[in-house]
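Q: How do I read the features of a model like this one? Please take me through them.

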Amino acid sequence: MVWPNNTPPQRDGDANAGIDVTDDFEGFAQRNDIFTRAFWDDRVISKHSAKFFASYRMEAAPRRGDGFSRRDFALRNASWLISDMVSNRTADQGLRQGFQAPIQSDTPVADETIEVDDPTQMSAEIKRIAKFFGADLCGVTDLDERWLYTSRVDTRDMTDAPHDLPEGLTNVIVLGHEMDEELVATYPSALAGAATGREYSHEASIVMQLAAYIRNLGYEAVPSMNDTGLVIPYAVKAGLGEYARNQMVITPEFGPRLRFSKIFTNLPLSHDSANPKGVRDFCDICTKCATACPVKALPFGPPEVGGSNVSAIKGVRKWTSDAEKCFSFWAKLSSDCAICMRVCPFNRDYTKPQHRLWLKLALSPLRHLALRLSKSHGARKKPGGWWTKNAN
Ligand code: SF4
Ligand code: SF4
C-alpha cells in the first residue's frame, strides 16, 4: 500500500518498541472496537454487557461485598463525572466526544498566528504547558494516518461516519496520565475503576485546556481521548514507552500504570521518536499478565500478526488480546479489569531508588534475575483496606 505523504518510512525503533507493521496492514474502523461492538454486535452483547454499562448509574450498580459496595461504585461513578459531561454534551447528535468523536473546542482559533521559528523550542514549550495543566508525560510525533480510525461511529445507530478532522493537521501531541497506585493495587474491583475514571476526567480537562492554548496562538488543535485514532502506536512513536504483552505501553516513569490522550494539531513542532529500551526482551521471558488473566485473553507466545476476532487490527505483528474474552470478564464484573496492569513487574513506584534499580536490572541482560525478584510482585490488596487506611 502507499503510505500517506506525511508518514515517514517506518523506523526500526517503532518495530523494536512493539509496533511492527507488515505489508498486509489494514486501517481499523472504530466500529470494530470491542466497546463499540458491545452496542451492535450480537457476539458481544449480553445481559452482562447491559448491566456493565448500566452500573455507571447508581440505581443499577450491583452490591457484591468488598470492592463492589455502594461506596466503591459511588467513588468510581463520581470519578467519571467530568469525562461523562464532555462525552454526553452532543450525544443527541451521535457524537460521543472523547470516545466515538473528537472533543469539540469551545475556544475559536485566534485570527492572529504567532510565528514559530524553532519547532524544537515550541515542542519544549508545549511539554511545559502540558505539565502545567496536569499531564504526567508528553511526547510529540507526526500524524501517521495509519493509526487514525478509518471511520468513527455515529452513536445514534452505530453506523460508520467520517471524522471530519480539519485539513492540514501534521502533528500529534501525546499525553500520559498516571493512575493511582493504591487503587490499581485493588484490581479487580469497582473501587479500582475510580483510578480509570479519574484519569479520563483529568484527560478531558487537560486536552481541552492544552488545545485551547494552541488555538489561542492561532493554530488548529483537536483534543482527543479514545476517539479518532489508536493512541498506543502514537504513544510509542512519541517515545513515551514500549508496547508490551499486556496490550499496554510500558513507560520508564510509571510502568504500565497510566492512560493516554492526544491532540491533533498543525502547530509546528519537532518530533520525538520510539525509544526501545528492552521491554520486549523482558516480556519474552515473562508471562505474568497472561497467567493472571482470569479468562486467558492474553497470548503466551511471541508477537503475531492478526488476532482471534474483528477487534484485532490487521497486518501488525504484536501481542494481541482476545478482546471478546476480556470484555466478557469486564461485563460479568460490572467494572473494568486491569489485573494485567496490577501484576506486571513494571508496575512500580519509580520515585523509590530500589525500584529504579530494579528497572535497570530488568532492562539489562540480568532480566531473568529481575523477573525472579518479581515473583510475588503485584499481589492484590483488599479494597476495604483502602477505605480503612484513608479513614485513619
Ligand atoms: S483486563 Fe483483565 S480480562 Fe482483560 S486481558 Fe487484562 S487481566 Fe485479562
Ligand atoms: S506482566 Fe510480564 S509479560 Fe506481561 S506486560 Fe508485564 S512484563 Fe510483559
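Q: What should I know before starting?

A: This is a predicted model: local features need pLDDT of at least 70, side-chain atom pairs count only at pLDDT 80 or more, and totals for chains, interfaces and linings use all residues. Residues are numbered from 1 along each chain as its sequence is written, chains are lettered from A and ligands numbered from 1 in the order in which they are written, and side-chain values use heavy atoms, with hydrogens and water left out.

Q: Which residues surround ligand 1?

A: A residue is near a molecule if one of its heavy atoms lies within 4 Å of it. Ligand 1 has Cys293, Pro294, Val295, Leu298, Cys326, Phe329, Trp330, Cys337, Ile339 and Cys340 around it. Two elements give two or more residues to this shell: helix H12 (323-333) and helix H13 (339-342). Helices (H or I, at least four residues) and strands (E, at least two) are DSSP runs, numbered from the N terminus. H12 gives the most, three residues.

Q: How does the shell around ligand 1 divide by class?

A: Ala, Val, Leu, Ile, Met, Phe, Trp, Tyr, Cys and Pro count as nonpolar, Asp, Glu, Lys and Arg as charged, and the others, Gly among them, as polar. Here the shell around ligand 1 has 10 nonpolar residues, no polar and no charged.

Q: What surrounds ligand 2?

A: Its shell holds Ala244, Arg245, Asn246, Phe282, Cys283, Cys286, Lys288, Cys289, Cys344, Pro345 and Phe346. Helix H10 (279-285) and helix H11 (288-292) each supply at least two of the shell residues. Eight shell residues are nonpolar, one is polar and two are charged.

Q: How do I check the length of a helix?

A: The expected span is 1.5 Å times one less than the number of residues. Helix H6 (residues 119-133) has 15 residues and should span 21 Å; its end C-alpha atoms are 21 Å apart, which agrees. H8 has 27 residues and should span 39 Å; its end C-alpha atoms are 39 Å apart, which also agrees.

Q: Which residues of H6 are buried?

A: Buried means under 20% relative accessible area, exposed over 50%, partly exposed in between (1.4 Å probe, protein chains only). In H6, Met122, Ser123, Ile126, Ile129 and Ala130 are buried. They cover an arc of only 125 degrees around the axis, which puts them on the same side of H6. The arc is that of the directions from the helix axis to the C-beta atoms. An α-helix has 3.6 residues a turn, so residues three or four places apart point the same way. The face of H6 turned away from the buried side carries exposed Thr120, Gln121, Arg128, Lys131 and Phe132.

Q: How many residues of H8 are buried?

A: H8 is mostly covered, with 20 of its 27 residues buried. Glycine 218 follows H8 and has a positive phi, near 95 degrees.

Q: Where should I look for backbone details?

A: Glutamine 247 is not a glycine, yet has a positive phi of about 75 degrees. It lies in the loop between strand E7 (242-243) and strand E8 (249-250). At 17% relative accessibility, glutamine 247 counts as buried. Serine 334 also has a positive phi, near 60 degrees. Serine 334 sits in the loop between H12 and H13. At 2% relative accessibility, serine 334 counts as buried.

Q: Which residues does a cis peptide bond join?

A: Tyrosine 187 and proline 188, with omega about 0 degrees. Proline 188 is in the loop between helix H7 (181-184) and helix H8 (190-216).
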